[in-house]
Amino acid sequence: MSQDPYSPCFCGNGKKLKFCCQDILSEMIRVEKLVENQPDAAEKLLRQLLTKHSDKEVVVTRLSGILVNKGEYQEARTLLVDFLKAQPDEPRALLALADVCLNTDGFGSSRRIIHRAFQLGSRQYPRSVASLAVQIAQEMARRGCAMSVREHLALSIRLSEGEYRNSLMMQLANFESQRTIPYPFRGRLSLLPVEVSEDLQKDEAVARKVSQIGCWEPASIIYRRLLEKDPNNGALWFNLGLFHAWDGQLESAAKAMHRAAELIEEFDGAVEAETLAELIEMDLSTNTYGVAQHRIPVQSVSELLTVLDDAELLARVEDPEEEGFENGRVAAEYEFLSEALGDEPDPNSLPAVKGDITIVDSDDEAHRVALVVALDDDVDEVAAAFREAAGDLAAAAEEGAEATHLSRLPVECRPFDWKVHHINKLGGAHYRAIDQTRLTAAVEEWKQAAQGRLDNQAPADAAKDEANHRKVCASIFVLGVVANRMGYDPDLAQLRSDLGVPAPVALDVDENVNLTSLPMLQFERVADSELTDAQVVEFANRITLIGHRRLLGKALELLVSRQASLEEFSPMRAHLLRANTARENNDFELASECFEQARKSVADDPDSFRTKLELDIREFSCRLDRPDDPALPDLLASLRDRYFLKIPEIEEVIREELLSSSCEHLLEILEAAPSASGTLWTPGQADPPPEGEKSKLWVPGQD
Ligand SMILES: [Zn+2]
């Protein structure tokens, strides 16, 4: 604390000390010394000061801060309210009161005071506003208001700097990569430009300005007044919808967005508004299904596993995930199947998995349990079947004991929620082919199933009437969002063409626009050829973060067609992502080509020996998705010849890969003597890594 009378006052209000708090300087220095280790003494001192200096903001906020730390919110609130009666516009007291109210009553009942604090405090005390915005974002996340979470985080980033800003950017990136949140809500949404008559322009500008500092209720109040005078302005309704959504008022947001969709003339803009309205309604809907769990005490775990291994409908998981349990360890995992597997299961009609059963063993008897997890409709049946199989080794059901709900999903997700019994030796490619078939079937069913949002018509029927085209296109987007959440990205352009609704008009993005700020729904429409090299990189980075396989495929094709963009993005990363996308599409020829391009891209690196080894193992691991791939034996022999002598531990890595893919038939190739070419070290070849470096080797499953 500077004691120079002409330096700015320690209370932070910008005045010089001499004209501000000089009379309490020595007491406040004592308070600061005490506050850390003797908060009670600091509190006592502040209370004494308060009797004479109840008009001093710094005394009031310091004392309220100590009270808040002690959990005495009520007294802190009274103190601040009393102070604000005399000085209603004091920003720090307002910010402190907003903080107290937010912590005690939640955002809903504190909106007014919070927005007032934002309005009066954001210019001088941006950091305090940012920290309130982060707390609101956390509350909104608990309430499931994703758009509000994102916008409050973005607000806090706008208002902060340095390390704090970086940590907020990380929080935002983390939010944006969460698959359970509809992807259009994870990207930025921006206010539309509006055309209003001259007498309304000033108010419209004020609304935008207060929106910039997070005051979305004040902004919506101004907009409501504008809409009384200009009720058929679609852009006004759209922006009002955003204000409400950012403010966590989902019902009002959905209504405004629906209205915008009716009024906006441009077809694609209207479809986007309708899609947002429907996604918001999906978040509000109680029409959900869930995953639930029964926790059943068990005993004699090894005996139990023997019994369960013999049960007809239970299949032991071949390599269970290594989950940690606080008081125990996973002894085994089982799938509860829809029908018995039999000795020769047909790979094309494998039973469905109705439930998962994890057996947790522990040294402590009380923590030996079976965790039975299934959809809420099935969980009781699966638990009963488990008890029957386990007999005396599992505790009997308690009267009235109900399953614990673990998560809930919108009912729209249900047609895309399946799990097929997994047999390692069938390979990843086989299961992806099954998924693809099921996805196609689910989309076909979707076309024919009546939907509330289409006035109880099926999309295929509704699409016959042009008047429904906006809603049908929005429904297609909603389908895409739901499928994305479940891990699939069907071809929406194909679907539009199948249903005979208009294709989206290509969006010509101005070269100054950063693609990161483009609404996610518009990524479908971006005109590839018009993008600058920098925008192509932004496109690819954005989609990689959001996680959308079909759009990622588009971004990567674009990236490899532009040398400058590719260099900027990192050729190695691009080729690997492309190989992975090809693998996900079961296009192994393309995947091999991508690995080859990745190898070429690192040819000149000093570290290329290790990178190439890594690429070889990745490609091998990818090929194991088809255990009967005729190229596998040669690939394996070449790995053996090139690496085993130089880096013996590679053999173990490969062996484990083979075993975990049930490719025992290839093990003999490992044991064959390497051919002579591998033993010779010819000049000009990259050196193998020195001893001690080898432990850094990439192994499958690491990324
Ligand atoms: Zn002062």
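I take helices as DSSP runs (H or I, at least four residues), numbered from the N terminus. Axes are lines fitted to C-alpha atoms over the stretch in contact, and angles run from 0 to 180 degrees between N-to-C directions.

Ground rules: this is a predicted model, so I note that local features need pLDDT of at least 70, side-chain atom pairs count only at pLDDT 80 or more, and totals for chains, interfaces and linings use all residues. Residues are numbered from 1 along each chain as its sequence is written, and side-chain values use heavy atoms, with hydrogens and water left out.

Entry one, a helix pair. I found α6 (residues 126-143) packing on α8 (residues 162-176) at about 20 degrees, with the axes 12 Å apart. That makes α6 roughly parallel to α8 (angles under 35 degrees count as such). For contact (heavy atoms within 4.5 Å), I listed R127, A130, S131 and V134 from α6 against Y164, L168 and Q171 from α8. By class, I get four nonpolar, two polar and one charged residues there (Ala, Val, Leu, Ile, Met, Phe, Trp, Tyr, Cys and Pro are nonpolar, Asp, Glu, Lys and Arg charged, the others, Gly among them, polar).

Entry two, α20. In α20 (residues 492-499), I have L492, L495, R496 and L499 as buried (under 20% relative accessible area, 1.4 Å probe, protein chains only). Their cover includes α14, α17, α18, α19 and α22.

I placed N484 in helix α19, and N484 is buried at a relative accessible area of 1%. Beyond four places in sequence, N484 is in contact with R179, Y183, R186, D489, G547 and H548.

Technical notes:
Parallel < 35°, antiparallel > 145°, perpendicular 65-115°, else oblique. Buried < 20%, exposed > 50% of the residue type's maximum accessible area, 1.4 Å probe, protein only.
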